[in-house]
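These are my notebook entries on one protein model. I record below what I looked up, entry by entry.

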Amino acid sequence: LREKLHQAGLKNGVTMKSGVYCWLLGPTYETPAEIRMLAKLGGDMVGMSTVPEVIAAAHLGVKVAGVACITNYAAGLK
């Protein structure tokens, strides 16, 4: 699925990058300490959704590929 997304992006002039999406419970934004922890664990981005939905879909046998639009730097990053 990831390759199909990348090909669709190329076909439509959209730059697609791969990364590791991390999830934190929220409803507050992540702290600088949490960002440092996730970076050390190999995370590239973090959000408060998507992961629970993917877990539920995978439990049902659904193949899932996610597309994220990164809109802001995390706390402590410039």
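Is V62 buried, exposed or partly exposed? I looked up its relative accessible area and found 46%. Buried would require under 20% and exposed over 50%, so V62 counts as partly exposed. I note at the outset that this model is predicted.

**Entry on the surroundings of V62.** I located V62 in the segment after helix 3. I then looked for a surface patch and found that V62 forms a nonpolar one together with V54, L60 and V64. The accessible area of these four residues together is about 340 Å².

**Entry on L77.** I also found L77 in the segment after helix 3, the helix that spans 51–59. Its relative accessible area is 48%. This value lies between the limits of 20% and 50%, and therefore L77 is partly exposed. I next checked L77 against P32, which is 45 residues away along the chain. The C-alpha atoms of the two residues are separated by 8.1 Å.

**Entry on the backbone.** Before looking at single residues, I wrote down a general rule. Most residues other than glycine have a negative phi, and most peptide bonds are trans.

I placed T50 in the loop between strand 2 (45–47) and helix 3. T50 has a relative accessibility of 35%, and because this falls between 20% and 50%, T50 counts as partly exposed.

Is the peptide bond from G26 to P27 cis or trans? I found it to be cis, with omega near 10 degrees. P27 itself sits in the loop that runs between strand 1 (21–23) and helix 2 (32–40).

**Entry on the whole protein.** I recorded three helices and two strands. Along the sequence they follow the pattern α-β-α-β-α. The C-alpha atoms fill a box of roughly 35 × 35 × 20 Å along the principal axes.

How much of the protein is made up of buried residues? I noted 14% of the 78 residues. The accessible surface comes to about 6,500 Å², and 61% of it belongs to carbon and sulfur atoms.

I then turned to contacts between residues at least 6 apart in sequence, and 56% of these join residues at least 24 apart.

My last item concerned charge. The protein has 8 positive and 5 negative charges, and their mean positions are 7 Å apart.

Conventions. Residues are numbered from 1 along each chain as its sequence is written. This is a predicted model: local features need pLDDT of at least 70, side-chain atom pairs count only at pLDDT 80 or more; totals for chains, interfaces and linings use all residues. Side-chain values use heavy atoms; hydrogens and water are left out. Helices (H or I, at least four residues) and strands (E, at least two) are DSSP runs, numbered from the N terminus. Buried means under 20% relative accessible area, exposed over 50%, partly exposed in between (1.4 Å probe, protein chains only). Patches are made of residues with over 30% relative accessible area and no salt bridge: like charges are joined within 9 Å, nonpolar side chains (Val, Leu, Ile, Met, Phe, Trp, Tyr) within 5 Å. Accessible areas come from the Shrake-Rupley method with a 1.4 Å probe; for residues, only the protein chains shown count as cover. A salt bridge is a side-chain nitrogen of Lys or Arg within 4 Å of a carboxyl oxygen of Asp or Glu. Contact means heavy atoms within 4.5 Å. Lys and Arg count as positive and Asp and Glu as negative; His and the chain ends are not counted. The place of a charge is taken as NZ of Lys, CZ of Arg, CG of Asp or CD of Glu.
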